[in-house]
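Subject: Structure for your review

Hello,

Here is the structure you are taking over. Please open it alongside this message, and my notes follow below.

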Amino acid sequence: MNDKILDIQHLNVQFNTFDGKFSAVRDVSLSLGRNESIGIIGESGCGKSTLAFSIMRYLATNAEMDGKIIFNGKDLTENTESEMDKIRGNRIAMVFQNPSTSLNPALTIGFQLDEVGMMHQKLNKKDARKASLAALELMNIGDPKGTARRYPHQISGGIQQRICIAMAILCKPDIMILDEPTTALDVTTEAVILESIKDLKDKLNMSLIYISHDMGVINKVSEQIVVMYNGEVVEQGPKAMIFEHPSHPYTRALINCMPRGGVVKENTKLNTIKGYVRRRGIVEGGCPYADRCDARNDTCEATYGIRIIEESHSAACDRAYAEDIEETIKKKRQPRVREVAPKESKTILELSELHKIYGTRRKIYAVNGIDVDVKSGTVMGIVGESGCGKSTTGHMVAGLYKPTKGTITFDGGDITQGWNHRKAETLKDIQLIFQNPGRSLNPSHTVEQIIGRPMQRLLHMHSKEERRKKIISMLHKVDLGGEYLTKKPNQLSGGEQQRVAIARALSISPKMIVCDEPTSALDVSVQASVLNLLNDLQHDSDVTYLFISHDLNVINYLSDTIMVMYAGKICEYGKRDEVMGKPFHPYTEALLSAMPEVDPTKQKDPIRLEGGLPNPAKKPKGCPFAGRCHKQVGKICEDQYPPMVRFSDTHYYNCHIAKPEM
């Protein structure tokens, strides 16, 4: 057993608000050993970040805290602010979720890194810069000197996050807390950062606390898992034990929510967790999960409390596999049977030699020649790293951008022009669902106004009673009720906002919906609910989806065909099982190797892609993946664009590696 470096004992955090006092962290006790890593998992609002802020003493002024946080033998709750300044960043470092808000846009990367060494370790300017460059090298950042001269906006999100981690390790802290640092990153970038974190932990003999709502990510970096719900620890233990034998119904529900290998829409409906995490008053007791629990019975409240399940594994409940109540998880995961056999679909969308170049003097080559057909009533998943042209392609289809070159044919008609030159019928037939529902919904409009506006503008439905009747019908389809009509976006949770966005898109019966990463910012439980909803609505209405995402587990679950993009080009295209089952393009292979696995026994070594996408300001030459490819065959890769290699009528890839060699 490792020596304890951090020991949290009966920690409570309450916040005073205009609506009264509520409990954010309640009676939390856990310990962290030296060179040990703990993953904290749970939905938004479960108290994970508040627990981390309590350790750092970063709580707001309306917070009240009691309990003990013993670090290296001393209780941090008794420290003065000046004593905490010597610990923060120096002995305990924290990496936040959004790197762009952690870095000062007006200062160079080097200056911001140097500040850490100069402030905490009292280094002179020359030695501080040496330490900064060494930290950048530890994070596998190529050209550390060049990176140090740049400003945050001149580097990608993945490099920004690595710089935040470099900043955290400059003082070689005893503990590093990471608060969802890879949520918004591509799988390849995420894999590199997670591998870097694991390496740093061993090199620097550092302890880790990793916060996430994604079990697959937690499995990559953590040895122990702590499951939190509504401010309480409901289960903790080794990751293999938690996955194989979850005792708390919430832990089991979280695991079952996640799409993963072998789970596809045709035979599986994702498990969801009804309701949402609600605030608890400080006088409320008993099981916080009872109102959402499928395994609840009359004795739950009386017997609730942490108990030892087996050595090093404890939980507040042992009813994850309760047999006295019907097994709802199995019922929810029954195969779905279509009443009518799917008919041979016609082609609804054709993209031919599609290009998009931004700018005139300084050009950015975003999309560099795409040829693809999409069948009616199917889901085409578009996957690739940030900057590969996924969203630009979707936005050109929707008419937000006009293509520089090429044609877009929709339902037999040419719609290559921008939205303002398209017919009203085309505008009705192609709708969008954006990544961030909060920013795509008008904050001053009610739900009724938001969903009703396209009906009024595009369907010319001017009767308020008729519109309201249809709006309520749409709300019921997305599992919301008529009581939401008068609510505004800021009164809704993230999942509810996304459901309203889906209802708005479907309210005018479109033929195609462009879904631009609609689940990337959502909890796994809400994500499962939205994916089930999209699947059911598509099944009922035969609408076509272009589903853009960097999450391959989501793409695998929902898609019929998959298009893998890199630097504005198609790397590989085929039916879902052709692409996901046995990928042929080296880039697809690298993407699949980087997928986080929910099952800790199925971890694989990711193919590390060094560097980033080619400079989009330079006209593409040769294979765009040549500089990062682990299977590059020679100079031909850099000089000539690869030929198309066909495996079947539906499956092809563009690569210089010939079919027999694969």
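In which loop does Pro510 lie? The answer is the loop between α19 and β20 (512–516). Please keep in mind throughout that this is a predicted model.

Pro510 and its surroundings

Pro510 is buried, because its relative accessible area is 8% and the cut-off for buried is under 20%. Leaving aside neighbours within four places in sequence, Pro510 is in contact with Lys428, Asp429, Ile430, Gln431, Ala505 and Val543. Leu432 is 78 residues away from Pro510 along the chain, and the C-alpha atoms of the two are separated by 10.0 Å.

Glu483 sits in another loop, the one between α18 and α19 (494–506). Glu483 counts as exposed, at 53% relative accessibility. In sequence Glu483 and Val447 are 36 residues apart, and from C-alpha to C-alpha they are 9.9 Å apart in space.

Cavities

There are four cavities of 30 Å³ or more in the structure. The largest cavity holds about 380 Å³ of space. It is lined by 27 residues, and those closest to its centre are Thr183, Glu190, His213, Asp214 and Asp551. Two or more lining residues come from each of α8 (187–203), β8 (207–212), α9 (215–221) and α20 (524–541). By type, the lining of the largest cavity divides into ten nonpolar, eleven polar and six charged residues.

The second largest cavity holds about 70 Å³. Its lining consists of His585, Pro586, Cys623, Phe625, Cys629, Lys631, Gln632, Val633, Cys637, Cys655, His656 and Ile657. Of these lining residues, eight are nonpolar, three are polar and one is charged.

In soluble globular proteins, nonpolar side chains tend to be buried together. In this model, the largest nonpolar core has 159 residues, and the members that touch the most others are Leu6, Ile165 and Ile177. Helix α7 (residues 157–169) gives the most to this core, contributing eight residues. Leaving out residues up to four places away in sequence, Leu6 touches Leu30, Ser31, Leu32, Ile55, Ile69, Ile70, Phe71, Ile175 and Ile209.

Helix α14

How many of the nine residues of α14 (residues 390–398) are buried? Eight are, so the helix is largely enclosed by the rest of the structure. Just after α14 comes Gly399, with a positive phi of about 95 degrees.

His10 is not a glycine, yet its phi is positive, at about 50 degrees. His10 is in strand β1 (residues 4–17) and counts as partly exposed, at 49% relative accessibility. His460 also has a positive phi, near 55 degrees, in a residue other than glycine. His460 is found in the loop between α17 (447–458) and α18 (464–477). Is His460 buried or exposed? His460 counts as exposed because its relative accessibility is 53%, and the cut-off for exposed is over 50%.

Aromatic pairs

The structure has 13 aromatic pairs. One of them, Phe647 with Tyr653, is stacked, with 5.3 Å from centre to centre and 25 degrees between the planes. Within that pair, Phe647 counts as partly exposed, at 25% relative accessibility, whereas Tyr653 is buried, with a relative accessible area of 0%. Elsewhere, ring pairs link Tyr229, Tyr250 and Tyr289 into a cluster.

Regards

Conventions:
Residues numbered from 1 in each chain as written. Predicted model: local features only at pLDDT ≥ 70, side-chain atom pairs only at ≥ 80, totals over all residues. Heavy atoms only, no water. 1 Å grid on protein atoms, 1.4 Å probe; cavity = no way out; pocket = protein on both sides within 12 Å on 5 of 7 lines; lining within 4 Å. Points joined across faces, edges and corners; volume = space filled by probe spheres on them. Helix = DSSP H or I, 4+ residues; strand = E, 2+ residues; numbered from the N terminus. Nonpolar A, V, L, I, M, F, W, Y, C, P; charged D, E, K, R; others polar. Core = buried A, V, L, I, M, F, W, Y, C linked by side-chain atoms within 4.5 Å. Buried < 20%, exposed > 50% of the residue type's maximum accessible area, 1.4 Å probe, protein only. Contact = heavy atoms within 4.5 Å. Phe/Tyr/Trp six-rings, centres within 6.5 Å; stacked < 30°, edge-to-face > 60°.
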